[in-house]
Amino acid sequence: MTDQEPEVFQSPDSASRFTVEICDREIVLTFLSSKKDRMDFSVEIGGDPQGKVNLLSQHSITRLAGTLGLDNDTKKSFKTQMLKTGIILRDGTYTPAPEKEIEREIETYEGSDSTLGSIDANTIDQFLGSGLLLDKINEILHSSRTTPFVGDDANLILTFLVMVSCKTDNPLNLEMVATSAAGKTYMVLTARNGVPKSMCMVLAGASREALKYDYDEIDDDGNFIVHVDGKCIIILEKDESYAFVRKMKPLMSGDDKELVWKTPIKNDMTGEIETRDFIIRGQPSFITLTTRNPKEQEQITRQLLMTPDTTPDKISAVVRNSLIAKARPESFQIHPDLKLLQASMLMLRQHRTRNIFAPLLAGFFPSRSAQHQRDITKVLSIIDSITLLHQNQRPIETIDGEDFLLASVEDNLIGLVLADLVLRASLSGVPDDTWMIYQEMIEMEGSKNPLTIDGILKWLHIHTFNISKNAIVEKHLPTMEDSGLIEIARRGGGRGGARKTYKISKTRKHILQQHSMAPLFVEAVRDNLSSIVQEFNDVLNRSNAPAHSRKLDRGEQKILKDLGCKTRLESQIWRSLFLPFYFRPIHKESMLSGIIGDNDHRDLLFSGRAWVDDTIEDTATQELEVNREIREKVKKATLDETRLSDGDDLWDLIEQSHFGDGPDEV
């Protein structure tokens, strides 16, 4: 017995608690303190406390053995084994606690009530197979607090998708930009309510090497490992955490999935200074909150930019709800399916996604600069997150033992609807609150009002914008100048030429105007659906039917047959990929309908035939082509007639004469 090495296990509940079995006795050791040649632990044997013992002292261990009433042979073995245990703890060669956070979380959800019954594998499967799943999630999130979250459906659901994207191949990064009290934190933490604790790491602020002190395990070489795969890291105060954000750049961009650095640390057991490797492993999604507009182009390209809704209607509804909640708290209850949503996200399987419709985006997605390479990745990641959420409703293709989840037409369309709302800010680097002020300045210029600082402030106050002069001078105008949206027309008088008059940069304004991608995508699918079926016939043949597929509506069987569908199995696969569900006519009052709002394309999108009826005229594509033709003519005229490699000044004049006030956005 004396030759055996004792097995010392770290407790999964506490990093300073250890268990070991010696002489058929279960011993629990809790670390207290350490000095040179001394390590003190409190000891429990068989559940009975035995006081404090120095595990590096034979005298202290002998005194403990004397209180246990052991015979001589057993006492000798006990003392030897306890001393070996002390050496194992000193050297850090004990067995670290297994990662049981997820298993413990599953147990906390099992058996809880929901509208579908007690939470178990069946109710989770049923929830993930729900029709209008996004609407259900949106409803639950809005009622995940005792005071309901009001409005802002698009931003809330997109924030939630960023969190879920941590389980995709290309996690998303989001920067929430707004002034204090605009609701940034409230929105992010409301979205966070829909996921289990193990999926999110919420940091009020973070130093450069913050994560290394919260390691998950120690590997065989003594390296400290932090696992961030399948997690979303939320930084509530980016303004105080710039060093940490810069440290995370390789993970945020997807350039690397492992960060390693060496750091001298003090061994708590021995008091000695040691050099250890700290490794952050995996690729998480990130959400950062800030009051400052982004200025680093490197950061802008890595993140989606978003600003919470701060319109008067939204603020009025929030105030009204807060007052009602104070008077009638019983009127507001936590949604009964909140735990079911959290359990479902916990059990959501990580999948690679195949998107057979992705090549269609090449026909209209901006591709003028290197930044657009990352922008297309952002869009595809939004689509991947939507597909992942609907994994029980999508076919799965298996190749050489690896599964691929197939994205549907609607996954792409919903992703593009949401991307249309945030990509403008991401492309320009101008957050929505600054963009709204810019739009008001365009209106001011059109009404012949001079764009002075005082004039802008008065105009905004008249149009119910609650904003300070300092915010305009220090935040919004510099951002617009940096992005080339405005220029200084006259510097005027005042100390240091402070009484400036601005003008709108016509060229930059038209360059930033983009046709919405959603209608362009619908038209591309309508024109190419048959060829997509033929081109990816091998993928469709290798795919398995989803666990949940909807029933066919009247006339839809003929649509599938016309595409080449021949069997019942093919029908279950094809209907989930090609036919509308969210965009059926009966869902015209759904969450997506509210996000899209009233425009020329809403009725068509919810007609049930938007991309399956090839007799519909492609109006959005035609307007885009006219736009492109004008630009090409202007560019050609500039280069041919001036023989200059860079004809920016003449380009401005020619473009203004061709565009006038510019085409309306789709």
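The following dialogue works through several features of a predicted model.

Me: Which conventions and thresholds apply to this predicted model?

Reply: Residues are numbered from 1 along each chain as its sequence is written, and side-chain values use heavy atoms, with hydrogens and water left out. Because the model is predicted, local features need pLDDT of at least 70 and side-chain atom pairs count only at pLDDT 80 or more, while totals for chains, interfaces and linings use all residues.

Me: What does the chain average in pLDDT, and which elements have the lowest and the highest mean?

Reply: pLDDT is the predictor's confidence in each residue, from 0 to 100. Where pLDDT is low, the predicted coordinates should not be read in detail. Here the chain averages 79, and 78% of the residues score at least 70. Helices (H or I, at least four residues) and strands (E, at least two) are DSSP runs, numbered from the N terminus. Among the elements, helix H4 (residues 121-128) has the highest mean pLDDT, 94, and helix H26 (residues 648-659) the lowest, 47. The pLDDT is below 50 over residues 641-651, a stretch with 12 contacts (heavy atoms within 4.5 Å) beyond near neighbours in sequence. It also stays under 50 over residues 653-666, for which the model has 31 contacts beyond four places in sequence.

Me: How many residues of helix H6 are buried?

Reply: Buried means under 20% relative accessible area, exposed over 50%, and partly exposed in between (1.4 Å probe, protein chains only). In H6 (residues 153-164), 11 of the 12 residues are buried, so the helix is largely enclosed by the rest of the structure. Among them are Asn155, Thr159, Phe160 and Met163. From its first C-alpha to its last, H6 reaches 16 Å, close to the 16 Å expected at 1.5 Å a residue; the expected span is 1.5 Å times one less than the number of residues.

Me: At what angle do the axes of H16 and H17 cross?

Reply: Axes are lines fitted to C-alpha atoms, for helices over the stretch in contact, and angles run from 0 to 180 degrees between N-to-C directions. Angles under 35 degrees count as roughly parallel, over 145 as roughly antiparallel, 65 to 115 as roughly perpendicular and the rest as oblique. The axes of H16 (residues 453-462) and H17 (residues 469-482) come within 10 Å and cross at roughly 110°. The two helices are therefore roughly perpendicular to each other. H16 contributes Ile453, Asp454, Ile456, Leu457 and Leu460 to the contact, and H17 contributes Lys469, Ile472, Val473 and Leu477. These residues divide into seven nonpolar (Ala, Val, Leu, Ile, Met, Phe, Trp, Tyr, Cys and Pro), no polar (those in neither other class, Gly among them) and two charged (Asp, Glu, Lys and Arg).

Me: Where is Phe465, and which residues does Phe465 touch?

Reply: Phe465 lies in the loop between H16 and H17 and counts as partly exposed at 22% relative accessibility. Beyond four places in sequence, Phe465 touches Met436, Glu440 and Leu460. Phe465 and Pro312 are 153 residues apart in sequence and 8.5 Å apart in space, C-alpha to C-alpha.

Me: Are Leu132 and Lys448, with their positive phi, buried or exposed?

Reply: Most residues other than glycine have a negative phi. Leu132, in the loop between H4 and helix H5 (133-142), has a positive phi of about 50° and is buried at 18% relative accessible area. Lys448, in the loop between helix H15 (432-446) and strand E18 (451-452), has a phi near 70° and counts as exposed at 73%.
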